[in-house]
Amino acid sequence: MNKIRSETFLRKEAYSTLKPHYHINTSISGWVLKNEESLLIKNLSKDNRFNATEEEQKDIKSILCTPIWFEGKIIGILTMVNKKDKTEFTEGDSTLLSIISIQTGQLIKNSQLQQEYFQKTKEAELSRWESEKLKELDTVKTNFFTNLSHEFRTPLTLILGPLEKLLDGKAKGNPSSQYQLMHNHASRLLQLVNQLLDLSSIEAGKMKLEIGKYDVVCFIKGITSSFQHFSEEKNISINLSSKSEKLDACFDRDKLQKIISNLLSNAIKFNKESGFVNIILTEKKIKGYSYLQIEVEDNGPGMNSEVQKNIFDRFYKSQSLSTVEGSGIGLALVKELVELHFGEVEVKSVLGKGTTFRITIPVDEAFYEKKNVAIQKTIQAEARVRPVVISSEAEDVRDEVF
């Protein structure tokens with residue numbers, strides 16, 4: 001039984017992945033590589049061509065070294081050191097090793113070809129995957145611009161129509177009603193543009209939190225008051241419930257105003273005549289920090305599970321609500337703003353009974369200090385108070401739903 005050692009010497013590679021058992025002077029393998037023929041050393045100690053150390057001469061008696069060939073090229077070196085019976089290698093051993101080297105060359109090359117095949121297969125699969133993703137991206141882009149064009153076209157048409165009548169002198173009735181109509185739709189168009197810019201700013205990482213300490217009950221009371229006229233048009237009551245009449249909290253006023261306004265707008269818009277919208281404020285402790293839980297509930301038509309699953313997707317609009325005006329980006333913005341505020345948003349809905357959105361955001365100064373978010377100078381939030389039903393005690397009427 002011969003002890004076999006393999007050293008690989010590739011012309012284009014400056015390293016070998018195999019460590020030789022005996023540290024013989026590399027000129028032995030170099031001689032084989034240079035002369036492109038086998039080398040038989042019957043007794044290393046008597047061969048003056050190579051500078052072997054005393055330790056090598058002691059441990060090694062006979063060496064047989066042959067090139068590994070494939071398609072006329074040397075792709076490695078195969079070396080045998082010391083026969084088991086301590087005798088010298090013979091020409092017969094050299095012939096046998098040459099045959100083994102040819103088979104070894106075939107195996108190595110087959111392995112390389114197999115690796116190349118797997119690599120090309122992997123690259124082809126990656127190329128197909130990238131192609132599919134590009135097609136999906138094109139579809140998303142097309143849908144995005146189609147929906148966006150539709151959302152811009154509607155208010156623009158409703159602005160241009162009355163404007164053309166006024167310019168042509170064909171407007172009937174009081175012109176101020178036409179101006180008001182144009183103003184309303186221009187405001188809606190501006191709101192849509194602002195929402196798109198906000199989403200773009202969040203994606204680019206340019207939108208930052210501007211945290212201050214304010215009375216959050218007073219702040220949200222002001223927001224609900226601004227919706228009073230809108231709700232009265234549909235005879236919908238807005239009720240604000242809070243266990244505390246005053247609650248100092250740390251939050252970003254601009255972000256929270258956009259979150260609450262979007263939720264209130266939807267709750268009124270999609271609700272039925274003579275319905276109600278409840279805003280319930282609750283302070284909670286989570287992992288040692290104070291959080292504010294805001295629930296906006298209505299008794300509108302509700303949503304099925306499929307709609308709830310997609311409700312926060314951009315431009316998503318349920319077919320069942322297709323007759324109601326809406327851009328489909330408001331709730332997507334709500335989700336992004338809540339998450340920017342280190343919070344969570346949930347939705348629970350029952351068909352025919354109504355919908356509740358639950359927002360939970362941290363309002364603890366220590367929380368934002370831990371997140372390295374600066375707390376701005378305290379400027380008390382102003383509230384434009386209009387007739388809103390304020391309850392001194394919050395009714396936790398949605399716990400069984402969540």
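Which residues form one aromatic cluster? Tyr289, Tyr291, Phe342, Phe367 and Tyr368 do. A few notes on the rings and on one helix pair follow.

1. Ground rules. This is a predicted model, where local features need pLDDT of at least 70, side-chain atom pairs count only at pLDDT 80 or more, and totals for chains, interfaces and linings use all residues. Residues are numbered from 1 along each chain as its sequence is written, and side-chain values use heavy atoms, with hydrogens and water left out.

2. Aromatic pairs. The count is nine; rings of Phe, Tyr and Trp (its six-membered ring) pair if their centres lie within 6.5 Å, with planes under 30 degrees apart called stacked, over 60 edge-to-face and the rest tilted. Tyr214 and Phe251 have ring centres 5.2 Å apart and planes at 65 degrees, so this pair is edge-to-face. Tyr214 sits in strand β5 (residues 212–215) and Phe251 in strand β7 (residues 248–251), so the pair ties together parts 37 residues apart in sequence. Strands here are DSSP runs of E, at least two residues, and helices are runs of H or I, at least four, numbered from the N terminus.

3. Around Tyr214. Tyr214 is buried at a relative accessible area of 3%, and Phe251 is buried at 0% (buried means under 20% relative accessible area, exposed over 50%, partly exposed in between, with a 1.4 Å probe and protein chains only). Arg253 lies over the face of Tyr214, 4.6 Å from the ring centre; the rule asks for NZ of Lys or CZ of Arg within 6 Å of the ring centre and within 35 degrees of the ring normal.

4. Tyr291 and Phe367 are both buried. Their rings pair edge-to-face, 6.1 Å centre to centre with 70 degrees between the planes. Tyr291 belongs to strand β9 (residues 289–298) and Phe367 to helix α10 (residues 365–370), so parts 76 residues apart in sequence are tied together. Another cluster member, Phe342, comes just after α9 and takes a positive phi of about 60 degrees.

5. Helix α9. Its buried residues are Gly330, Leu331, Ala332, Leu333, Val334, Leu337 and Val338. Their cover includes α4, α7 (253–269), β10 (344–350) and β11 (354–362). On the α4 side, Gln195, Asp198, Leu199 and Ile202 meet Gly330, Ala332, Leu333, Glu336 and Leu337 of α9, contact being heavy atoms within 4.5 Å.
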